[in-house]
Structures are given as structure tokens and as C-alpha cells.
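Please look over the sequence and the model before reading on.

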Amino acid sequence: MRSIPSAHSQKKHLSFDALRSTLSHCLTTIPDSRVQGRCQHSLHDAMMSAFACMFFQDSSIAEFQRQVQEGKNNNNLHTLFDVQTIPKDTQLRDVVDNVSSEALRPVFKAYFHQLQRAKQLEPFQVLPNLYMCAIDGVYHHSSEQVHCEQCLTKKHRNGSVTYSHGVLQGAFMHPEQRQVIPVMPEPIANSETGYQKQDCEINAAKRFIAHLKRDHPRLGILITGDGLFSKAPMVNLVLEHNMHFVFVAKPDDHKYMMQWIANYDGLPELSVNDLRGRVHRYSYQNQVPLSAKEDAPLVNYIHYELTNEKGKVTYRNSWVTDIVIDKHNVARLAKAGRCRWKIENECFNTLKNQGYHLNHNFGHGKKNLSHNMYLLTLLAFFFHQIFELSDPDYQLCRKSYVNKMALWETFRTLIIYFIFDSWNDAFSKLLEGRANAKVHQKNK
Ligand SMILES: [Zn+2]
């Protein structure tokens, strides 16, 4: 008889060592196109060193490398990240530039499955067996000088050109869960498409949907996104991949559908008063045509309005979905649709302003450096999200710092002065330091 795994053994898959070794395993299987014998440092060591820099939220790879190995026979990159030799930052960038970005896809998949095995995903169901993935575009590089062949280009009237790189990012989320679970993004970049026309958010989203289905073929997925996506081609594509959707539908973008809805003698309605004295008003209509075109998909429409205790409307939005709406699920669907902002707030905003240096230039390279640095930053964020979800020690520690940046700043200082045999050692030191600081404060 198989024994039921304990909570401890389930969480073991989500420990720093388990996550780090999954990443190491993936990195050692990436084909190395360099001439062997001439390479001083392995591909694993170059990629892992770059990752460690993102993990500790350092803004300079060169400075980070210098500090971890300064005057010591051993270093934390070796003991914690299994890096045998540390490449110089120029060598490191050269290696990372040449790694195919797709090689990192298995890591995102593996972490998702590790979370699933540890039963950490169950609270993320927005409806029974349905997980919501919000999608949105973000640009992580913009320059008038630095560019590569994959850069998107925007020509200005004065003759100058802005070069940029973006991604169509997806993340699983739930209205009641603070953490988000990122998935492998789709680059918004030129050479990936093979088309003459420039790549764009909507084309990247179409590729993203196909890849997400391939990565999670049996998972019930609800895609949510802004008004850009509530158009027939995207709706049809999501349905063809056996997924569901809830997309923002602005009345101005859907005049025909709004006229159609106006012809009903009133819509089914639901009104809920909450404990704060606010009123949530929902109205909906199933099976309405998305546009005037003969083959327009039939969608289900939700309108939501929030009125505060003074009777003032403070929020209003509308969505279209393929899920049949009734009075039992309308509030949950609207809440799911509203939760879309988390991809901007909890994901992009955190990556930009909470120490991850998303818009910082770690180097542009000739091939994949810019996108790979984004992926490594996202993986560092993913590690930290997993700790926040599943590690009680981390949760405790996180609470004692004003924000994440302050926590990682302390960590960066610690790894300069001490060499730790394991992540647990490093973490105990951090907790111990925190406890001592509190005692010191009390005795003052
Ligand atoms: Zn570029």
C-alpha cells in the first residue's frame, strides 16, 4: 500500500535545494554549441551565476561576482548554487546570449508541477477544476542606441528610432491569493515570428495560448485579459484550444453587441450588500453576438458596478465569457475578471519596483541575452513566490521586514561576510540576526 505523503515531504519538492536542483538539471541538459576544450566555464555555471545575481536582487552582475568570491577559497555561489567556476561577467553574458530561450521552458513547467504535487495550487481554482491565467504585455527594454536584430523598432518623425523588447506574460492567479504563479512568457520580438511585419502583443498572445496548452494539456484553464483580447480571432483561438475566457469588453469597442443587449427588456440582475455598506450590482445576458459579422462567436456578457456607502459608483466594468452565467456564478466571474490587474501589480510592478531591476540593462547581446535575462529574473521571482506560498520560515521572516527589498538587501550583506553550507544555514543566520536585533531594541 502506498503511504500518503506528509505535508513535510510534499513541501520538500518546494525547498530551495529542490528548486535549485531542478534548475541545475535543466541547465546541464542544454546543448552547448561552443568548441569544448576552449571553454573555461560550463554553460551551467554561467547561467546559474546570472540567476544567483537576480535571486539576490543585485543590480550589477560584475559587482555581485566580485563580492561573492573576494579573497576566499570557497564562495556561496559554489555552496548554495553548485557553481564550480565563476565566469567573468563578459564571458557570462556571451554564454547567456547564445542559449536558446526555449531551453528554460521545462523549468517553468517543472515548478508548476512541483507546486501541484505539494497541493499548493488547489486554492487557486476560480471555479471547480478551473485555473485562471491572466495575460498582458510588458516591455523590458527600450533604447535609442542599444539594439539587436530581434528588437522591435519604432521610427519617429525626427528620424530617430526606439528599439524595444517585450513579452506577453501569463500568470496563474486567484482573487484571494496574494501570490501569482508565472508561466513561460512569449517574446514580443521580430525574429521569432518570421513575418515581414513587426511582431505585436496580439500575435504573441496567439502563440502563447498554443504553447500554454501544449505545456498543460490536461489543466482546466480560464484565460483573462484586457479589452485588446475580446475580439473574435482571440476568442475562437482560446475555444479551439479547449480553454475558457473572461475578457474585458468596453462598450465603445463592442457597439453592435451593446445595441443587441439594449434590445432586451431588462437583463437578469443580482445585487449584493457587503459588510462595509457597499452595493455590488451585477447584470448579465447569455448568448449574445460579439460583433455584427455573420460568423461572430456568441458570448455571455456581464456588467458590474460597485457603489460605496455614500451611494457613489466607484468601479464599473464589463466582460465577455464563454462560461454560462447564472445568479450563482456571476459574482465569482466578475471577481475573477477584476483580479486581472494583479498581473500588472503583483507581477510587473514587483519586477520593476521591488528590487528585481526589470528595466535595468543587464546587457543586450546579439541574440537572446535581453530575453534570457528577463527569464532568469522571472525565475528568481518565481522562487520567491514559491517560498511565500509554502515556506513558513520565509513567511515569518518576510513579515519582519518592511518590504522584500529590505530582506534581500540584508541577505546580500550576509553572503559577503559569511559562507553558508546550505540555504537553511543562510536562512537561520538571517532569522537569528533578526531575533538579536529585536532583543537589542528591547534592551535599549
Ligand atoms: Zn534587441
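## A residue in a loop

Between which helices does the loop that holds Tyr401 lie? In this predicted model, Tyr401 is found in the loop that runs between helix H14 (392-399) and helix H15 (404-417).

Tyr401 has a relative accessible area of 8%; this residue therefore counts as buried, the cut-off being under 20%. Leaving aside residues up to four places away in sequence, Tyr401 touches Ala406, Leu407, Thr410, Leu430 and Arg434. Arg434 is 33 residues from Tyr401 along the chain, and the C-alpha atoms of the two are separated by 9.2 Å.

## The nonpolar core

The largest nonpolar core has 134 residues, of which Phe51, Phe55, Phe81 and Ile223 touch the most other members. Helix H13 (residues 369-390) gives the most to this core, supplying 14 residues. At least three residues of the core come from each of domain 1 (7-102 + 360-443) and domain 2 (129-353).

Beyond residues up to four places away in sequence, Phe55 is in contact with Phe16, Phe81, Ala380, Phe383, His384, Phe387, Trp408 and Trp423.

## Cavities

The structure contains 3 cavities of 30 Å³ or more, and the volume of the largest cavity is about 80 Å³.

Helix H7 (105-117) and helix H8 (201-215) each contribute at least two residues to the lining of the largest cavity. Residues lining this cavity include Arg105, Phe108, Pro182, Met184, His211 and Asp215. By class, the lining comprises 7 nonpolar, 2 polar and 3 charged residues.

Terms used. Residues are numbered from 1 along each chain as its sequence is written. This is a predicted model: local features need pLDDT of at least 70, side-chain atom pairs count only at pLDDT 80 or more; totals for chains, interfaces and linings use all residues. Side-chain values use heavy atoms; hydrogens and water are left out. On a 1 Å grid over the protein atoms alone, a cavity is a set of points where a 1.4 Å probe fits but cannot get out, and a pocket is an open set with protein on both sides within 12 Å along at least five of seven lines; lining residues have an atom within 4 Å of a point. Grid points are joined across faces, edges and corners, and a volume is the space filled by probe spheres set on the points. Helices (H or I, at least four residues) and strands (E, at least two) are DSSP runs, numbered from the N terminus. Ala, Val, Leu, Ile, Met, Phe, Trp, Tyr, Cys and Pro count as nonpolar, Asp, Glu, Lys and Arg as charged, and the others, Gly among them, as polar. A nonpolar core is a set of buried Ala, Val, Leu, Ile, Met, Phe, Trp, Tyr and Cys residues joined through side-chain atoms within 4.5 Å. Buried means under 20% relative accessible area, exposed over 50%, partly exposed in between (1.4 Å probe, protein chains only). Domain bounds come from an automatic or database domain assignment. Contact means heavy atoms within 4.5 Å.
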